[in-house]
Amino acid sequence: MNIPGSELLTSVFGYWPSFHDAEVVRLELVRVAPFAEGPDLLADVHAFEITKDVGPDGHLVLRHHVLVSFRFRGVDQLRLEGWNNQNALLGLRIEDIRSRQLDTLKFEICFDSSWGVSAEFLCRSVEIQSVRPWELSSQPRSP
């Protein structure tokens with residue numbers, strides 16, 4: 001995936017993960033200037049790898065727990081539903097749509113919901129701002 005910052009993610013996993021069972025822990029819409037470019041959407045996603053190994057508790061072993069911070073610039077046609085206290089994903093799809101249209105919108109994004117939030121939108125650009133170790137304390141807290 002040719003996305004700025006993607007090497008931060010692939011250096012942890014060795015590949016671009018599907019984000020299956022990942023959890024969206026923060027979404028933020030930001031109006032930025034120039035206004036013609038459209039708003040930004042910031043998303044923090046707790047991602048991890050599900051292995052085939054079974055732990056002593058009888059569950060599959062999970063590893064590489066990270067918090068991935070995305071910035072989607074120039075968001076358009078946003079459809080957002082189901083935000084709640086747990087927002088698990090079936091997957092996160094980022095599709096390059098430049099060959100399908102002549103507009104400046106370049107990506108189609110889909111947060112496929114397993115439980116909680118689902119989102120679909122188009123945007124001008126995508127970047128991964130950071131990938132850091134996941135800790136329970138890295139979850140946003142209420143003001």
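Tutor: Helices (H or I, at least four residues) and strands (E, at least two) are DSSP runs, numbered from the N terminus. The model is predicted, so local features need pLDDT of at least 70 and side-chain atom pairs count only at pLDDT 80 or more, while totals for chains, interfaces and linings use all residues. Residues are numbered from 1 along each chain as its sequence is written, and side-chain values use heavy atoms, with hydrogens and water left out.

Although Gln77 is not a glycine, its phi is positive, at about 55°. Gln77 counts as exposed because its relative accessibility is 56%; buried means under 20% relative accessible area, exposed over 50%, and partly exposed in between (1.4 Å probe, protein chains only). Leu80, at 38% relative accessibility, therefore counts as partly exposed. Together with Leu29 and Leu78, Leu80 makes a nonpolar surface patch of about 240 Å². Patches are made of residues with over 30% relative accessible area and no salt bridge, with like charges joined within 9 Å and nonpolar side chains (Val, Leu, Ile, Met, Phe, Trp, Tyr) within 5 Å. The salt bridge in that rule is a side-chain nitrogen of Lys or Arg within 4 Å of a carboxyl oxygen of Asp or Glu, and areas come from the Shrake-Rupley method with a 1.4 Å probe, only the protein chains shown counting as cover for residues.

Asp21 sits in the loop between α1 (6-13) and β1 (23-30) and counts as partly exposed because its relative accessibility is 34%.

In α1 itself, Ser6, Leu9 and Phe13 are buried. Viewed down the axis of α1, the buried residues fall within an arc of 70° (taken from the directions from the helix axis to the C-beta atoms), so they line one face of the helix. Gly14, which follows α1, has a positive phi near 85°.

Finally, Ser69 lies in strand β3 (residues 60-73) and is buried because its relative accessible area is 6%. Its side chain makes a polar contact with the side chain of Arg132 at 3.3 Å; such a contact is a pair of N or O atoms within 3.5 Å, where within protein one must be able to donate a hydrogen and the other to accept it, and residues adjacent in sequence count only if both atoms are side-chain atoms. Leaving aside neighbours within four places in sequence, the residues in contact with Ser69 (heavy atoms within 4.5 Å) include Ala43, Asp44 and Ser130.
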